[in-house]
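Got your viewer open and your selection tool ready? Let's take a short walk through this model, stop by stop.

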Amino acid sequence: MAKSKTQKHEFQAEVKKLLDIVIHSLYTDKEIFIRELVSNSSDALEKLRYTQLSEKDILDEKLPLEIEVSTDDKENTITITDFGIGMTREDLIENLGTIAHSGSKSFLEAVKEGEGINENLIGQFGVGFYSAFMVSDSVEVLTHSYKQDGEHLVWKSDGSGEFEISEGSGHRRGTKIVVHLKKDQKEFSDKDRVEGILKKYSSFVQFPIKLNGEQINKVEAIWLRNKSEIKDEEYEEFYKFQTNAFDEPTYRLHFSSEAPIDINTLLFVPKDNVERLGFGRMEPEVSLYCKKVLIDPNPKGLLPEWLRFLKGVTDSADLPLNISRETMQDSNLVLKLNSTITKRFLKFLSDEAKNNPEKYDEFYKNFGFFIKEGAASDFQHRESLQNLLRFESSKSESGKTVSLEDYVSNMGEEQKDIYYLFGPNRESLENGPHMEAFKAKDIEVLYIYESIDEFVMSNLREFNEKKIVSADNSNLELDDVTSEEDALSRVDSENLCIWIKEYLGDKVDKVTVSKRLVGSPVVAVNADEFMTHSMKRIMKVMNKED
Ligand code: ADP
């Protein structure tokens with residue numbers, strides 16, 4: 001009988017690099033490969049369950065949706081089997097030959113930029129399926145797609161640059177991954193050791209996991225459980241499981257409500273803002289469930305854009321199970337979810353800012369960008385968002401902040417407007433000539449250091465019916481602070497201004513006598529109140545000759 005052909009394939013260059021790092025790094029937390037493979041199996045089962053909602057013709061319809069792990073300490077293997085969606089030949093080449101996983105991509109980028117391989121990086125990003133090569137001499141993937149006419153395929157590799165695909169026998173749906181362990185990784189073929197690892201994560205997997213035939217987890221969704229019965233550690237393990245992360249979340253919010261829509265939501269703010277660290281734009285990661293069935297792991301439109309840093313789960317029993325990912329965005333229910341979750345989270349932040357301002361300031365340092373983006377772009381939630389903005393000010397200690405509310409409540413009776421000043425840092429603002437009049441008159445000025453702050457200020461324009469104006473604006477109506485004594489005569493000072501204007505020519509719009517300076521001889525002010533410094537810089541870049 002002719003044996004079926006074996007096709008050899010090269011790994012994509014990035015995968016080779018990734019494998020090289022994974023295999024040769026001395027990363028100590030090797031057990032995570034089990035979490036990664038179980039989580040892939042769980043994804044494959046979720047996908048099958050989702051497909052079942054719309055497709056009738058599914059192979060082995062009756063197979064249970066569960067994951068089997070088996071250890072063999074004689075053969076020195078650990079095997080993970082699921083009856084999930086399986087893979088076709090194209091899927092195998094695409095999924096296990098290239099980098100599909102955005103975490104792996106970021107991982108490689110981080111390695112490229114950094115000086116070396118930081119052990120933490122693997123943990124931070126999770127390298128998915130390829131992590132199996134940390135502990136193995138070779139890995140076999142036996143798989144059969146859920147489609148009736150699918151092939152039974154065997155993928156094999158020792159991780160050194162190539163993989164091969166051949167036809168196998170048998171027709172069962174799903175995927176079986178056999179990890180042939182290295183001699184010194186024998187611990188992962190030990191049942192007790194593996195049980196310990198699985199117990200850590202398995203309580204969050206939405207399908208039964210069996211270890212050598214025995215079910216080891218209770219299947220329950222943590223987000224549907226009663227808050228008072230969940231331990232902090234459980235939340236933390238869930239967060240790590242859900243986001244493939246190793247950090248501890250900054251904030252956690254778990255709530256349920258019945259009106260206007262039935263939802264159970266568990267949200268996390270991660271420790272780091274990876275966008276700020278330069279890893280590109282974040283994708284929505286609050287997964288949408290309906291009665292424990294995953295509808296969409298990354299639903300666009302579930303939350304406003306500026307909340308893209310949130311992670312977690314929302315489960316609504318009111319969603320129709322057969323809602324398609326494509327039409328979801330327009331659904332009225334999703335709009336309701338969006339508004340309910342957003343309002344609730346804003347309320348949470350506002351309480352945190354009040355009750356634990358130091359922690360809030362820490363959060364704001366990391367994630368303030370998103371609050372500012374929201375304040376400038378989300379009209380619906382603007383009011384709550386502007387109350388969450390924080391600034392250093394001429395009256396705050398360095399590093400401490402005030403809110404717009406604080407500012408307004410400290411305003412003297414005669415002060416009409418809210419003042420801010422943009423500059424590189426506190427010191428240069430404090431010592432600059434613009435502050436002289438404000439200091440002399442004891443008026444508080446908000447200090448802002450980033451273009452986005454300036455953008456927000458010029459976008460808000462007012463707060464509590466008080467205009468927000470830049471302290472370097474030429475139209476400022478501050479009462480005189482200089483005295484008439486020792487002053488030049490009117491004619492002399494006018495002549496001086498004419499002379500300076502002639503000397504500077506087109507570089508300035510006009511030169512006038514200022515009444516707002518105390519110690520400095522001159523100050524340059526902004527003549528156009530609608531044009532911020534950042535806008536000017538942008539105009540300059542776009543329109544060089546102008
Ligand atoms: P990630 O799971 O984060 O996408 P991986 O490198 O772990 O990244 O896996 C790459 C892809 O391989 C997955 O997205 C999935 O399409 C496919 N895959 C992995 N394991 C399985 C499995 N058990 N069943 C079906 N598909 C799988």
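Begin with L488, which sits in the loop between β19 (466–470) and α16 (490–504). One thing to keep in mind as you go: this is a predicted model. L488 counts as exposed because its relative accessibility is 53%, and the cut-off is over 50%.

Next, two stops for backbone geometry. Most residues other than glycine have a negative phi. Select N76, in the loop between β2 (67–72) and β3 (77–82). N76 is not a glycine, yet its phi is positive, about 60°. Is N76 buried or exposed? N76 is buried, since its relative accessible area is 12%, under the 20% limit.

Then jump to D442, in the loop between α14 (435–440) and β17 (446–448). Here too phi is positive, about 55°, in a residue that is not a glycine. D442 counts as exposed, with 54% relative accessibility.

Now switch to a cartoon view and pick out helices α9 (residues 332–355) and α10 (residues 357–377). Their axes lie 8 Å apart, and the helices pack at an angle of about 140°. That angle makes α9 oblique to α10. The crossing of α9 past α10 is left-handed.

Time for charges: the model has 25 salt bridges. Start with E195 and K199, whose closest N and O atoms are 3.0 Å apart in a salt bridge. Both residues belong to helix α6 (residues 191–202), 4 residues apart, or about one turn of the helix. E195 is buried at 19% relative accessible area, whereas K199 is partly exposed at 44%.

Which residues form salt bridges with R308? Start with E275, where the N to O distance is 2.9 Å. This pair links distant parts of the chain, 33 residues apart: R308 is in the loop between β13 (293–296) and β14 (311–316), and E275 is in the loop between β11 (263–269) and β12 (285–290). Then select E373, whose salt bridge with R308 has its closest N and O atoms 3.1 Å apart. That pair spans 65 residues, with E373 back in helix α10. R308 is buried, with a relative accessible area of 6%, and E373 is buried too, at 17%.

For the last stop, select E31, E187 and R193, which are linked in a network of salt bridges.

How values were computed: Residues are numbered from 1 along each chain as its sequence is written. This is a predicted model: local features need pLDDT of at least 70, side-chain atom pairs count only at pLDDT 80 or more; totals for chains, interfaces and linings use all residues. Side-chain values use heavy atoms; hydrogens and water are left out. Helices (H or I, at least four residues) and strands (E, at least two) are DSSP runs, numbered from the N terminus. Buried means under 20% relative accessible area, exposed over 50%, partly exposed in between (1.4 Å probe, protein chains only). Axes are lines fitted to C-alpha atoms, for helices over the stretch in contact, and angles run from 0 to 180 degrees between N-to-C directions. Angles under 35 degrees count as roughly parallel, over 145 as roughly antiparallel, 65 to 115 as roughly perpendicular and the rest as oblique. A crossing is left-handed if the near helix is turned anticlockwise from the far one by less than a right angle, and right-handed if clockwise. A salt bridge is a side-chain nitrogen of Lys or Arg within 4 Å of a carboxyl oxygen of Asp or Glu.
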